[in-house]
Amino acid sequence: MVFSSLEFLFLFLPVFMIIYAAAPSKYKNLAVLLGSVTFYSFGVKKPVYIILFILTIMLNFIVGQFIEDFPKYKKPWMIFGVAFNFWWLVFFKYWTFGAENANAIFGTEFTLRNIILPIGISFYTFQNVSYIIDVYRKKVEAERNLINYGAYISMFPQLIAGPIVTYSTVAKQLVNRTHNIRMVEEGLKTFTIGLGYKVLIANQIGGLWSDISMIGYESISSPLAWMGIFAYSFQLYFDFCGYSLMAIGLGKLMGFDLPKNFDDPYMSCTMTDFWRRWHITLGTWFREYIYIPLGGNRKGKAAQIRNTFIVWAFTGLWHGASWNFVIWGLVLFAVMMLEKFFTGKFFEKYRAVGHLYMILLIPLTWLIFAITDFHELGVYFKRLLPFIPQKTYAVLDNDYLKYIKIYKTYFIAGIFFSTKLPQKIYEKIKDTVFGVIILLAVFWASVYCMYKGLNDPFLYFRF
């Protein structure tokens with residue numbers, strides 16, 4: 001079940017909210033836990049994954065208390081908790097990838113398994129690990145109520161694809177939070193904006209990337225190839241930003257303030273700034289739990305470069321068990337190091353040049369992210385640069401003109417809603433009748449598209 005589905009909007013969410021609103025304050029976290037496990041059960045393909053999910057919650061809950069109650073042994077318990085969590089992530093996400101490469105390099109005969117990845121494991125693993133480490137650091141006190149901890153980990157708005165919420169962010173809200181009509185109103189508005197981003201922009205402009213994939217990269221013209229990677233860039237942004245906004249909106253319906261995950265990243269002038277604005281909670285997690293513990297930038301330039309390299313290697317792997325993700329992470333590392341030591345100040349000073357630089361660079365990096373097959377990736381890069389010698393197959397003259405006519409409206413919408421202007425307009429009209437009418441139009445237009453079958457799963461579910 002996904003947020004942008006009729007089943008969620010008209011069945012699960014209304015039933016859950018009625019139960020949640022009727023539940024006394026002391027039972028609201030129990031309602032969150034039971035509702036979230038129910039929501040999760042609709043998405044998993046194997047019932048055993050639900051059992052694993054619940055056992056993971058229980059074990060981390062116990063480990064957190066052991067760390068606090070037995071300070072003499074807190075480090076072994078912390079190491080055990082972190083290892084336990086990452087073992088499952090490595091097993092489900094990276095076993096086949098590791099076995100394939102070991103067999104190819106060393107001639108081993110590790111068994112290759114077709115392991116189905118439990119949905120959301122990358123996100124709830126990071127939340128469990130951050131909790132264990134924060135208790136070890138005495139940043140937070142260990143949670144003593146299993147229902148509260150279960151509600152924190154399983155909270156369905158952010159369970160599947162973030163934002164990644166640290167325990168310290170919501171610890172007080174788990175015990176005492178405001179739940180009133182104003183927050184419900186704000187939550188519904190934020191959810192509707194996210195729904196519109198996903199259904200009316202991401203899904204629609206994503207159709208161009210699907211069309212190009214069906215045609216075959218060898219058979220598209222260079223203008224269409226560039227249109228394709230711009231379309232994918234918009235699709236990925238509005239898909240994931242839309243999900244995050246929906247998660248934040250749903251959190252408000254329950255009285256939770258979930259952290260912001262995007263801050264107009266396509267308005268950045270450097271890749272460094274871009275990754276301060278994109279998937280903010282993931283970047284914060286890597287900084288707090290990998291970069292800073294490694295020494296950050298406190299031990300000289302060489303150590304800083306090493307630490308940044310490690311963070312971006314892990315960032316690439318976190319997104320997927322494939323070499324294209326590793327290369328994608330390392331390309332971003334190289335670009336950021338160039339910006340830090342050479343070009344960054346120039347692009348920040350001459351922002352028009354910086355924007356042009358990012359307009360070209362962002363789609364190119366997303367191309368590495370999007371195509372896992374290196375041969376196909378090479379073909380696509382060649383199609384972007386027609387002066388490179390290459391094989392061509394039945395390229396239709398002016399093929400891009402056909403797709404401009406089909407997708408031009410969505411490109412315009414993608415460009416417009418990537419800027420700060422829509423937010424400024426929204427702040428002025430959100431409490432007016434006109435603002436409400438616009439949001440209602442967005443909601444019912446989204447429902448219509450879902451009813452007509454014009455909907456796709458969230459891209460980030462596979463990470």
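Is Trp-209 buried or exposed, and at what relative accessibility?

Guide: Trp-209 is buried, at 10% relative accessibility. Here buried means under 20% relative accessible area, exposed means over 50%, and partly exposed lies in between, for a 1.4 Å probe and protein chains only. This is a predicted model, in which local features need pLDDT of at least 70, side-chain atom pairs need 80 or more, and totals for chains, interfaces and linings use all residues. Residues are numbered from 1 along each chain as its sequence is written, and side-chain values use heavy atoms, without hydrogens or water.

Trp-209 has an aromatic partner, Tyr-380. The ring centres are 5.6 Å apart and the planes meet at 40°, so the pair is tilted. Rings of Phe, Tyr and Trp (its six-membered ring) pair with centres within 6.5 Å; planes under 30 degrees apart are stacked, over 60 edge-to-face, the rest tilted. Tyr-380 is buried too, with a relative accessible area of 0%. Helices are DSSP runs (H or I, at least four residues), numbered from the N terminus.

The rule for aromatic pairs gives a count of 79. Phe-416 and Phe-417 form one that is edge-to-face. Their centres are 5.0 Å apart, with 80° between the planes. Both are partly exposed: Phe-416 at 30% and Phe-417 at 29%.

Back to α9, which spans 181-215. This helix gives 8 residues to the lining of the largest pocket, the largest share. A pocket is an open set of points on a 1 Å grid over the protein atoms alone, where a 1.4 Å probe fits, with protein on both sides within 12 Å along at least five of seven lines; lining residues have an atom within 4 Å of a point. The volume is about 1,000 Å³, taken as the space filled by probe spheres set on the points. In total, 36 residues line this pocket. Nearest its centre lie Ile-193, Tyr-197, Leu-245, Gln-423 and Tyr-426. Other elements that give two or more residues include α10 (222-253), α17 (399-417), α18 (421-429) and α19 (433-451). The lining divides into 19 nonpolar, 8 polar and 9 charged residues.

Now the cysteines. The disulfide count is 0, where a disulfide needs two cysteine sulfur atoms within 2.5 Å. The sulfur of Cys-241 has its closest cysteine sulfur in Cys-449, 18 Å away, which is too far for a bond. Cys-241 is buried, at 6% relative accessibility. Cys-449 is buried as well, at 11%.

Two lysines sit over aromatic rings. Lys-74 lies over the face of Tyr-136, 5.0 Å from the ring centre. The charged end of Lys-340 is over the ring of Phe-341, 5.9 Å from its centre. The rule asks for NZ of Lys or CZ of Arg within 6 Å of the ring centre and within 35 degrees of the ring normal.

Key
Nonpolar A, V, L, I, M, F, W, Y, C, P; charged D, E, K, R; others polar.
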